[in-house]
Amino acid sequence: MSNCKVETCTVETSDGVKLSTRLFKPREEINKGNPVVVLVHPYSVLGGCQGLLRGIAAGLADRGYKAVTFDMRGVGRSTGRASLTGFAEIKDVIAVCKWVCENLSADRILLVGSSAGAPIAGSAVDQIEQVVGYVSLGYPFGMIASILFGRHHKAVLQSPKPKFFIMGTKDGFTGVQQLKNKLSSAAGRVETHLIEGVSHFQMEGPAYDAQMVNLILEFIASL
């Protein structure tokens, strides 16, 4: 059972959408210079919501890091309408990061995107000066997923900021070789971590939350 404090608030985007947001606060902050971790949930159209990231956010807070989750437009109590390709949702990520900087006095943010949240977060990375790194949990690089999210690839691959791609070797949306091929042309520092025998939706499940927390913290320590 997590020992963190959870606060709820509403964040407004540049186009007037109101986002239901949760801040997971540690009982004791280890280091005020730690980056705040902003987590972007899986595909809204298939039921993705911030609740899926609660375990990771609480795990990070238990280890002394502030973590923020939010429902993108059209999800839960957030207003607006979800988009098919995730381009409108880039504004949501930017708004939440701006809120983090203004309200938590944060000058360093780590962006973490899960599944379809990974391309959306990746498109926002260079639009937010305070983002110091990016973590992808199961980026859907595969051919079919690319019909929807292919136009997001360029932004994260061309970003000079440090990037960390975590994926199961049985991911049904992206093959291991597809991941390697995509990342071979990426700019800046790029790291990968493959979890043997694990599928896309398995990795999204609560059984892997603790492992995701450990991997995210290892990456933060290297920044």
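Reader: Is aspartate 92 buried or exposed?
Author: In this predicted model, aspartate 92 has a relative accessible area of 0%. Since a residue counts as buried when that figure is under 20%, aspartate 92 is buried.

Reader: Where is aspartate 92, and which residues does aspartate 92 touch?
Author: Aspartate 92 has its place in helix 2. Leaving aside residues up to four places away in sequence, aspartate 92 touches Thr13, Leu19, Phe70, Met72 and Arg73.

Reader: How many residues does helix 2 have, and what distance does helix 2 reach from its first C-alpha to its last?
Author: Helix 2 runs over residues 89-103, which gives 15 residues. At 1.5 Å a residue the expected reach would be 21 Å, and the reach from the first C-alpha to the last in the model is close to that, at 21 Å.

Reader: Which elements do the buried residues of helix 2 pack against?
Author: The buried residues of helix 2 include Asp92, together with others such as Ile90, Val96 and Trp99. The elements that the buried residues pack against are strand 1 (5-12), strand 2 (18-25), strand 3, strand 4 (67-70), strand 5 (109-114) and helix 3 (117-124).

Reader: What is the phi of serine 115?
Author: Serine 115 is found in the loop between strand 5 and helix 3, and with a relative accessible area of 9% it is buried. Although serine 115 is not a glycine, its phi is positive, at about 55°.

Reader: Where is histidine 41, and what is its relative accessible area?
Author: Histidine 41 has its place in the loop between strand 3 (36-40) and helix 1 (54-62). Histidine 41 is buried, and its relative accessible area is 0%.

Reader: How many disulfides does the structure hold?
Author: A disulfide is a covalent bond between the sulfur atoms of two cysteines. The count for this structure is 0.

Reader: Which cysteine sulfur is nearest to that of cysteine 97, and how far away is it?
Author: Cysteine 9 is in no disulfide, and the cysteine sulfur nearest to its own is that of cysteine 97, 13 Å away. Cysteine 97 is in no disulfide either, and its nearest cysteine sulfur is that of cysteine 101, at a distance of 6.9 Å.

Reader: What is the angle between the planes of phenylalanine 141 and phenylalanine 165?
Author: A search of the whole structure finds 7 aromatic pairs. One of them joins phenylalanine 141 and phenylalanine 165, which is a tilted pair with 6.0 Å centre to centre and an angle between the planes of 35°.

Reader: Which parts of the chain does this pair link, and how many residues apart are they?
Author: Phenylalanine 141 is in the loop between strand 6 (131-137) and helix 4 (143-149), while phenylalanine 165 is in strand 7 (residues 163-168). Phenylalanine 141 is buried at 4%, and phenylalanine 165 is buried at 1%.

Reader: Which ring does the charged end of arginine 151 sit over?
Author: The charged end of arginine 151 is 4.4 Å from the centre of a ring. The ring under this charged end is that of phenylalanine 87.

Methods:
Residues are numbered from 1 along each chain as its sequence is written. This is a predicted model: local features need pLDDT of at least 70, side-chain atom pairs count only at pLDDT 80 or more; totals for chains, interfaces and linings use all residues. Side-chain values use heavy atoms; hydrogens and water are left out. Helices (H or I, at least four residues) and strands (E, at least two) are DSSP runs, numbered from the N terminus. Buried means under 20% relative accessible area, exposed over 50%, partly exposed in between (1.4 Å probe, protein chains only). The expected span of a helix is 1.5 Å times one less than its number of residues. Contact means heavy atoms within 4.5 Å. A disulfide is a pair of cysteine sulfur atoms within 2.5 Å. Rings of Phe, Tyr and Trp (its six-membered ring) pair if their centres lie within 6.5 Å; planes under 30 degrees apart count as stacked, over 60 as edge-to-face and the rest as tilted. A charge sits over a ring if NZ of Lys or CZ of Arg is within 6 Å of the ring centre and within 35 degrees of the ring normal.
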